Amino acid sequence: MRFHLVTLEFAPDIGGIATWCGSLAGALRETGHDVSVYCRGDHGGEVTRLYGRSWNRFGHLWVAAQLRPRLREGDVVLTATWPLALGLLGHCRVATAYHGTDLTRPPIISGREQVAATAINLPVSAFLGGLLGAPHTVLPYPIRTLKPAPRGDKLLVVARLTAQKGVDRALKLAERMGRAAIVVGDGPERAALQALAATLSVPVHFLGATLTIPWDEAYALALLSRTYPDGSGAEGLGLVLLEAAARGIPSIGARCGGIPEAATVVLDNPDEEIPRALPDAAAVQASLVARHSPERCVQTLLNALGSD
């Protein structure tokens with residue numbers, strides 16, 4: 001099958017959508033499918049550059065103008081987010097993914113309902129599928145297990161440092177667990193979090209934004225996100241939880257959005273609870289493989305398209 005994968009983010013960009021697109025393109029190619037990737041900006045020879053500006057508002061127009069002439073009968077366009085699909089509806093088979101804020105925050109442009117009613121909808125979690133309000137298929141994540149990381153003794157946090165990511169909760173959890181914490185990421189709350197860390201009885205190391213994540217120092221990973229005050233903005237799934245599980249590292253998550261679908265242990269009250277004993281690497285990886293893998297992802301996608 002011939003796929004056109006359209007995205008605004010692709011490796012070496014940092015972020016969940018960029019990682020998802022790269023993993024999905026690789027999984028489809030490994031199973032014999034023809035995949036062309038399109039992305040704004042320069043991403044190297046294997047990615048076709050999309051030209052345009054004001055992408056949040058007019059991206060669907062730029063995509064339609066540059067992609068329609070390339071389409072042949074039977075092609076499938078897979079967009080990483082729903083706005084990119086708007087200009088292609090009615091011109092080809094369109095499948096679109098939903099990752100989080102594209103459903104949990106108010107849209108910048110109109111048309112989400114039109115896409116949901118017309119496209120093949122592929123949310124990455126059952127939580128997001130429930131928000132969609134249209135027929136859908138939850139798409140497993142195309143992730144493989146890796147050699148288990150050595151079990152460290154620190155609580156690892158990998159997140160943008162915003163109030164919604166709940167890093168303050170994670171640092172207080174580290175103190176309740178009697179473990180040092182490592183924070184990977186940057187953002188507007190960094191100064192406040194460093195001030196909080198100075199009041200705790202356990203050391204906290206801030207590494208800033210880096211691609212070098214110290215997995216081998218992690219006893220567990222924590223993602224204790226919260227929503228915005230209006231109740232929106234819940235975590236769609238939590239890719240970092242799956243990345244930890246791929247290495248056999250257990251994770252501790254808050255009962256928020258799609259996090260319970262990816263975390264090893266879920267806290268109903270993340271401001272006070274302490275997790276019970278965490279499973280070993282083999283159990284963590286077995287749980288991941290039961291739900292996510294490149295093969296599961298590709299087969300689920302083909303089933304949703306009505307093809308095998």
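Predicted model: local features only at pLDDT ≥ 70, side-chain atom pairs only at ≥ 80, totals over all residues.
**Strand S10 and its partners**

Strand S10 covers residues 218–223. Six of its six residues are buried, so the strand is largely enclosed by the rest of the structure. S10 pairs with strand S7, which spans residues 154–158. The two run parallel and are joined by three bridges. In one of these pairings, Leu155 has Ala220 of S10 as its bridge partner.

S10 also pairs with strand S11, residues 251–254. This pairing is parallel too, and three bridges make it up. Here Leu223 stands opposite Gly253 of S11. Between S10 and S11 the chain passes through helix H8, residues 239–246, and this β-α-β crossover is right-handed.

**Helix H8**

How many of the eight residues of H8 are buried? Seven are, so the helix is largely enclosed by the rest of the structure. The buried residues are Leu239, Val240, Leu241, Leu242, Ala244, Ala245 and Ala246. They pack against S7, S10 and S11, and also against helices H1 (16–30) and H9 (281–289). After H8 comes Gly248, which has a positive phi near 80°.

**The nonpolar core**

The largest nonpolar core has 107 residues. Within this core, Trp20, Leu171 and Ile252 touch the most other members. The contacts of Ile252, leaving out residues up to four places away in sequence, include Leu155, Ala220, Leu221, Ala222 and Leu223. Val265, Leu267, Pro275 and Leu278 are also among the residues that Ile252 touches.

**Two loop residues**

Glu235 lies in the loop between S10 and H8. Is Glu235 buried or exposed? Its relative accessibility is 15%, and the limit for buried is under 20%, so Glu235 counts as buried. The side chain of Glu235 makes a polar contact of 2.8 Å with the side chain of Lys165. Another polar contact, of 2.8 Å, joins the side chains of Glu235 and Ser225. Not counting residues up to four places away in sequence, Glu235 touches Lys165 and Ser225, and its other contacts include Phe127, Leu223, Cys256 and Ile259.

Thr145 sits in the loop between helix H5 (126–132) and S7. With a relative accessible area of 36%, Thr145 is partly exposed. Beyond residues up to four places away in sequence, Thr145 touches Ala246, Gln285, Leu288 and Val289. Thr145 and Val289 are 144 residues apart along the chain, yet their C-alpha atoms are separated by 7.5 Å.

**Cysteines**

The structure holds zero disulfides.

| Residue | Relative accessibility | Class |
|---|---|---|
| Cys21 | 0% | buried |
| Cys39 | 0% | buried |
| Glu235 | 15% | buried |
| Thr145 | 36% | partly exposed |

Definitions and conventions. Residues numbered from 1 in each chain as written. Heavy atoms only, no water. Core = buried A, V, L, I, M, F, W, Y, C linked by side-chain atoms within 4.5 Å. Buried < 20%, exposed > 50% of the residue type's maximum accessible area, 1.4 Å probe, protein only. Contact = heavy atoms within 4.5 Å. Helix = DSSP H or I, 4+ residues; strand = E, 2+ residues; numbered from the N terminus. Pairing = 2+ DSSP bridges. Right-handed = clockwise from strand over helix to strand, strands pointing away. Polar contact = N/O pair within 3.5 Å; in protein donor to acceptor, adjacent residues only side chain to side chain. Disulfide = S-S within 2.5 Å.
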